[in-house]
Amino acid sequence: RKALWQWQVMDSVKNIRPQYYFPKTKLSSQLLKRISSKRAGFCDISGQTNERTMLSARIPQNVVCGNKVPTVMFPHARENDELFIDAWIGMVNSFAFDWLLRRVATTTVNFFILLGLPMPKCTPMSITGRRIATLSKLISDNPVLSLWQKAEYRAEIEWLTLKGYSIGFGDMEIILKDFPLLDRGQPPLPGEGRSTITRDFVLLRTFENNGGAGESRVCALRRRVDAARSLGAIPYIPSDSGVL
């Protein structure tokens, strides 16, 4: 917990190396078949008071995960398996799903917990599900995207997921109050102790697309986002990464 992580720009991705190699000849036939496909993975060790509780990402082919990174596959999706994976990752990484998870998680996230949580009412094959999958894939795969463009895509996933849960702006305000550790590494507005760029930005985009707030409130959010951006604040940057 005291480790100091150094932020890596996208040009440095090529320098990432596996921590361990494991011979394929030592793998069981079942596991060998499993790693031949792309999967979704999530962090088993987490907590309801962490900055974020659900941490999910795409797992490439021929990568073996340990017991603290369970993987998810969608065998019934057949040729649409990547679509299902990307849609699932986008939805479960949303604040709405994370908020639900925080109601039941303590120090771990497992399949027993996840299977008991409701998913948004939009299938990966729906227009909304496909859009979430597309955005999720763009965030993962496009190395030339700016951090602000990634934030725009993530905010779109947020308000699309809200629609899937049939909730709106007021609910998002309540949800975001459950994430007090966001933006600790971002520069705050003058006179404030901590940045709220992610909260303000997500609320602004939620209103612009889903409605649900008065014009004066929206103008105030827009001013806060513009002022924070002028100071170099960026939404969705993990606090241990600080400011780029």
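The model is predicted, with local features needing pLDDT of at least 70 and side-chain atom pairs counting only at pLDDT 80 or more, while totals for chains, interfaces and linings use all residues. Residues are numbered from 1 along each chain as its sequence is written, and side-chain values use heavy atoms, with hydrogens and water left out.

Followed along the sequence, their order is α-β-β-β-α-α-α-α-α-α-α-α. Along the principal axes, the C-alpha atoms fill a box of roughly 65 × 40 × 35 Å.

Next, colour by burial: 41% of the 244 residues are buried, meaning under 20% relative accessible area with a 1.4 Å probe and protein chains only.

Now select Phe-42 in strand E1 (residues 39-42) and Trp-88 in helix H2 (residues 81-92), which lie 46 residues apart. Phe-42 is buried at a relative accessible area of 1%, and Trp-88 is buried too, at 12%.

The chain holds 8 aromatic pairs, counted where ring centres of Phe, Tyr or Trp (its six-membered ring) lie within 6.5 Å, with planes under 30 degrees apart called stacked, over 60 edge-to-face and the rest tilted. Phe-42 and Trp-88 make a tilted pair, with 6.4 Å from centre to centre and 55 degrees between the planes.

Methods. Helices (H or I, at least four residues) and strands (E, at least two) are DSSP runs, numbered from the N terminus. Buried means under 20% relative accessible area, exposed over 50%, partly exposed in between (1.4 Å probe, protein chains only).
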